[in-house]
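Subject: Structure handover

Hi,

Here is the structure for you to look at. My notes follow below it.

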Amino acid sequence: MALFVLYEHAAGYGLFSVKEFDEIGMLLPQVEASVMDMARFNSIVKLVGFHPFKTAVAALNNVNAISEGLLPDDLSSFLDTTLPKSAKKKPVTLGVADAKLGAAIAEALNVQCSHIGAVPEILRGIRQHFSSMVKGFSDQSAAVAQLGLGHSYSRCKVKFNVHRSDNMIIQSIALLDQLDKDVNTFSMRIREWYSYHFPELVKIVPDNYMFAKVAHYIKDRKSLTDESLAGLEEITMDADKAQAILAASKMSMGMDISMIDLMNIEMFALRVIKLSDYRQQLSGYLHSKMTSVAPNLATLIGDQVGARLISKAGSLTNLAKFPASTVQILGAEKALFRALKTKSNTPKYGLLFNSTFIGRANAKNKGRISRFLANKCTIASRIDCFTETPSTVFGEALKSQVEERLKFYEQGETPRKNLEVMKEAMELAKQSAVQESKKKKKNKRKLEETNGNGTEMNGDGEKSAKKRKKSKLNDTNDGGNEDAADADESTLNGSALLDSSTAQLDVTNGEGKKKKKKKNKNRDAEVEA
């Protein structure tokens with residue numbers, strides 16, 4: 001059996017022949033040892049053919065095809081011309097590194113492929129000695145080709161990443177959770193720090209964000225006067241609280257602190273305020289991303305719970321592939337495996353516990369409503385993942401179903417069937433799609449009109465003089481046309497076949513000739529006299 005090994009390099013394809021493959025297959029440890037020795041390896045493996053890539057674009061296309069398990073045209077033509085045909089007495093086997101590529105080659109070219117046994121070790125040796133086995137090839141040129149192809153391949157993968165919108169949601173929800181922890185920690189620190197100076201403020205202002213604002217505004221409690229009541233009312237949004245703060249500052253039991261300590265407290269309170277403001281901005285950004293990426297999931301269970309589900313699954317596509325039972329306990333993996341080990345009851349819910357539906361249900365119905373909600377979440381995620389025109393119609397319909405199921409558990413009202421709800425949602429989705437298409441057409445028309453007006457306004461200065469000249473020419477032509485019509489009626493008895501310009505020229509020439517004849521007659525008469 002003859003063995004040929006295919007090696008894919010950044011510079012091109014190489015085909016190598018292996019001598020005495022049957023003996024080599026039996027002596028795998030000896031092959032591993034001979035890989036490091038160039039002389040011993042060259043006695044076993046020899047280059048049959050090398051097909052270089054013509055351009056960097058061709059190399060990138062070939063790498064993309066191989067990574068997806070497809071057979072490129074360049075590789076197919078190279079193997080068809082270089083690889084010898086197998087016979088009954090001497091069958092040919094092609095060694096490849098990737099099993100998917102081997103299956104594609106076997107299907108297209110009808111060649112037996114192998115990726116096990118001694119093939120990986122031979123490929124390791126070829127990879128190490130490739131630059132010396134190909135003529136006119138060096139380690140430096142190989143490194144340059146690998147670096148360029150690696151950069152272009154990575155850039156292409158990042159550019160055409162399907163989950164790039166999901167990545168923004170994953171990072172934003174992770175940052176939001178981290179900010180919640182940090183803001184709470186910093187708020188407790190500012191409370192404890194400022195309470196040395198003004199301990200009564202903690203009971204009057206329990207909110208962390210408002211406490212930081214009030215501490216930043218007051219600074220030294222002895223500086224509070226009746227004039228500062230207006231500023232306190234703006235911060236606390238309550239006149240009674242502002243009056244209580246002013247009264248407590250006069251009767252406070254806190255210690256006096258220096259100006260340096262107050263400056264540090266003020267700077268730290270300002271940092272806490274800015275972090276809280278940025279947290280609100282980040283939640284708005286997350287809401288906008290969820291409405292564009294997964295609108296139905298966001299309307300069903302909220303922005304943050306939906307974003308946590310996407311983050312836990314890894315992407316919206318992975319979440320759409322999960323069954324409802326996995327979505328139900330997503331986030332409670334530790335409790336699930338602990339229950340399986342101890343043979344106790346498995347958890348009923350994971351991240352879905354943060355939704356409002358489970359909190360509103362009774363203790364007996366929490367498991368039921370979590371299972372029903374997980375089912376609707378899988379439907380919403382699949383619609384968001386595979387739809388072409390995203391909308392919130394299906395999310396609202398699924399949310400109404402969950403509300404009806406809650407009423408059924410509490411009051412016994414029979415909910416509508418899923419088929420009816422989905423039919424109504426489909427009709428509403430079609431209507432909304434038609435309305436959106438009409439809006440897009442109207443916006444396009446408005447843009448075209450505005451662009452047309454702009455170009456006309458820009459071209460008015462240049463075209464105004466031309467328009468005036470044209471109008472003057474038209475006026476003269478109109479006058480000439482009238483004269484030509486009179487001349488035609490008098491001379492040609494209504495046969496108007498000439499153009500206006502020629503008629504005008506003829507009329508003017510005729511009048512000039514008559515005047516000249518009259519002048520000449522007068523001169524002749526005067527001479528005779």
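A word on terms: helices here are DSSP runs of H or I with at least four residues, numbered from the N terminus. Bear in mind that the model is predicted.

The whole chain. There are 24 helices and five strands in it. The chain has 529 residues, and 34% of them are buried.

Arg-191. This residue sits in helix α9, which covers residues 164–194. Is Arg-191 buried or exposed? Arg-191 is buried, yet has no salt bridge. Asp-207 is the nearest side chain of opposite charge, at 6.6 Å. A salt bridge would need a side-chain nitrogen of Lys or Arg within 4 Å of a carboxyl oxygen of Asp or Glu. Leaving aside residues up to four places away in sequence, Arg-191 touches Val-202, Val-205, Pro-206, Asp-207, Asn-208 and Phe-211. So Asp-207 is in the contact list, but without a salt bridge to Arg-191.

Helix α22. This one runs over residues 393–411, 19 residues in total. At 1.5 Å a residue it should span 27 Å, and its end C-alpha atoms are 27 Å apart, so the two agree. Its buried residues are Val-393, Phe-394, Gly-395, Ala-397, Leu-398, Gln-401, Val-402 and Leu-406. In an α-helix, residues three or four places apart point the same way, because there are 3.6 residues a turn. Just after α22 comes Gly-412, with a positive phi of about 90°.

Best wishes

Definitions and conventions
Residues are numbered from 1 along each chain as its sequence is written. This is a predicted model: local features need pLDDT of at least 70, side-chain atom pairs count only at pLDDT 80 or more; totals for chains, interfaces and linings use all residues. Side-chain values use heavy atoms; hydrogens and water are left out. Helices (H or I, at least four residues) and strands (E, at least two) are DSSP runs, numbered from the N terminus. Buried means under 20% relative accessible area, exposed over 50%, partly exposed in between (1.4 Å probe, protein chains only). Lys and Arg count as positive and Asp and Glu as negative; His and the chain ends are not counted. Contact means heavy atoms within 4.5 Å. The expected span of a helix is 1.5 Å times one less than its number of residues.
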